[in-house]
Amino acid sequence: MVKLIHTLADHGDDVNCCAFSSSLLATCSLDKTIRLYSLIDFTELPYSPLKFHTYAVHCCCFSPSGHILASCSTDGTTVLWSTQNGQTLAVMQQPGGSPVRVCRFSPDSTCLVSGAADGTVVLWNAQSYKSYRCSSVKDGSLMACAFSPNGNLFVTGSSCGDLTVWDDKMRCLHSEKAHDLGITCCDFSSQPVSGFELKYKSTLSGHCAPVLACAFSHDGQMLVSGSVDKSVIIYDTNTQNILHTLTQHTRYVTTCAFAPNTLLLATGSMDKTVNIWQFDQETHCQARSMEDQLKQFTEDWSEEDVSMWLCAQGLKDLVGIFKTNNIDGKELLSLTKESLADDLKIESLGLRSKVLRKIEELRTKVKSLSSGIPDEFICPITRELMKDPVIASDGYSYEKEAMENWISKKKRTSPMTNLVLPSVVLTPNRTLKMAINRWLETHQK
């Protein structure tokens, strides 16, 4: 399931681009501004909007560290901003002053590429802010650019439909016609790229009008696209099936982006809005490997990741306390009832109990994924491998004894939804039990 959780409507004109860092969302518009929002509650930062460009801002992107934001404009400039205070770090003028349509940082943050309407491509040194190399495509305007995951090459797309591959020294490695009516966007998945040979793989269908934007999720398991038909489509890249179609925008969808560490998607439109969508874990796991799931629940979370997790668990009021105490992923998993009371000074017993319950669910998730147990085999109540699974009237499967105890103590509420159960009848889930037994035979000796 994907649900709309927030709509940003601060821009005064078409939204052209949106981009995530680990803690921020940036948007830019025909209204000449760039706006920055916190991912914790989607409030606009005090120094936003960023104003410098004298014409429309076409693209914005964060450096991999998230400390620098780049924006480019019809005014012929690419501007670097500090995300700490919104100050201008550098203004880089495109040769000839041509309108700049796209900009992208290399994965190691050392370089920045800008592409312009006259076909020029500039590789900038992101430390000295000076031009390192400059070249151009044969025909058309530069409309799209993307770096490979290891940064040893990048591709550009033009309004004439040419897809061009460049190495990190700005040498043209390959160029071919990819689309008859021009390229509006391109992106690399996170899968490693070796060599530079381009081979056609497949065509994803679903839109009934030109596609204006596309982006891979950071694990490479999903692809999202936005179109003139006003819709957003999310694909499973492994099966190429459509997972979701989103139709809330009222005009062309011009941009889309996945957040790097959370299950969020942003889509922007000519309707002047940016919609923020959230995936539930079940939907996201349809397109994730077990290894990727495990990574989502490790000790590697930053303090910002913990803050976003708290918000997702309905514990937004604790964000300030956790940040004050510098609680990162490792600290989160080590919290106890004593540390919550004595160190974090959380006075409410009910609140402490809720936090501990959520942390225990997180620990169990890590344990189950580490052992390779599929999550659907884990009882939502005990968080252990089910031996005698039953289906309750809420549609979920539970360990029989645990669910019977739950019903007797909780007065017929669902452990998953907290709603009253239509019935207390428990039906044996023989199909799931057989699947668990087969898994045990395969994975245990």
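Reader: What is the relative accessible area of Tyr129?

Author: This is a predicted model, in which local features need pLDDT of at least 70 and side-chain atom pairs count only at pLDDT 80 or more, while totals for chains, interfaces and linings use all residues. Residues are numbered from 1 along each chain as its sequence is written, and side-chain values use heavy atoms, with hydrogens and water left out. Tyr129 lies in the loop between strand E12 (120-125) and strand E13 (131-136); helices (H or I, at least four residues) and strands (E, at least two) are DSSP runs numbered from the N terminus. Buried means under 20% relative accessible area, exposed over 50% and partly exposed in between (1.4 Å probe, protein chains only), and Tyr129 is partly exposed, its value being 30%.

Reader: What phi does Lys345 have?

Author: Most residues other than glycine have a negative phi. Lys345, in the loop between helix H6 (337-342) and helix H7 (349-370), is exposed at a relative accessible area of 58%. Although Lys345 is not a glycine, its phi is positive, at about 60°.

Reader: Which strands stand at the edges of the open sheet of four strands?

Author: Two strands pair if DSSP finds at least two bridges between them. In this open sheet the pairing is antiparallel and the order is E6-E7-E8-E9. Each edge strand has a single partner, so one of its sides is left without a neighbour in the sheet; the two are E6 (57-62) and E9 (88-93).

Reader: Which residue of E7 is the bridge partner of Cys59?

Author: Strand E7 (residues 68-73) runs antiparallel to E6, and five bridges join the two. In E7, the residue that partners Cys59 is Cys72.

Reader: How far from Cys61 is the nearest cysteine sulfur?

Author: A disulfide is a pair of cysteine sulfur atoms within 2.5 Å, and by this rule the count comes to zero. Cys61 counts as buried because its relative accessibility is 7%. The nearest cysteine sulfur to Cys61 belongs to Cys103, at 4.0 Å.

Reader: To which backbone nitrogen does the side chain of Ser73 reach?

Author: Ser73 is found in strand E7 and is buried, with a relative accessible area of 0%. Contact means heavy atoms within 4.5 Å; leaving aside neighbours within four places in sequence, Ser73 is in contact with residues including His53, Tyr55 and Pro99. At 3.0 Å, its side chain reaches the backbone nitrogen of Asp75.

Definitions and conventions
A polar contact is a pair of N or O atoms within 3.5 Å; within protein, one must be able to donate a hydrogen and the other to accept it, and residues adjacent in sequence count only if both atoms are side-chain atoms.
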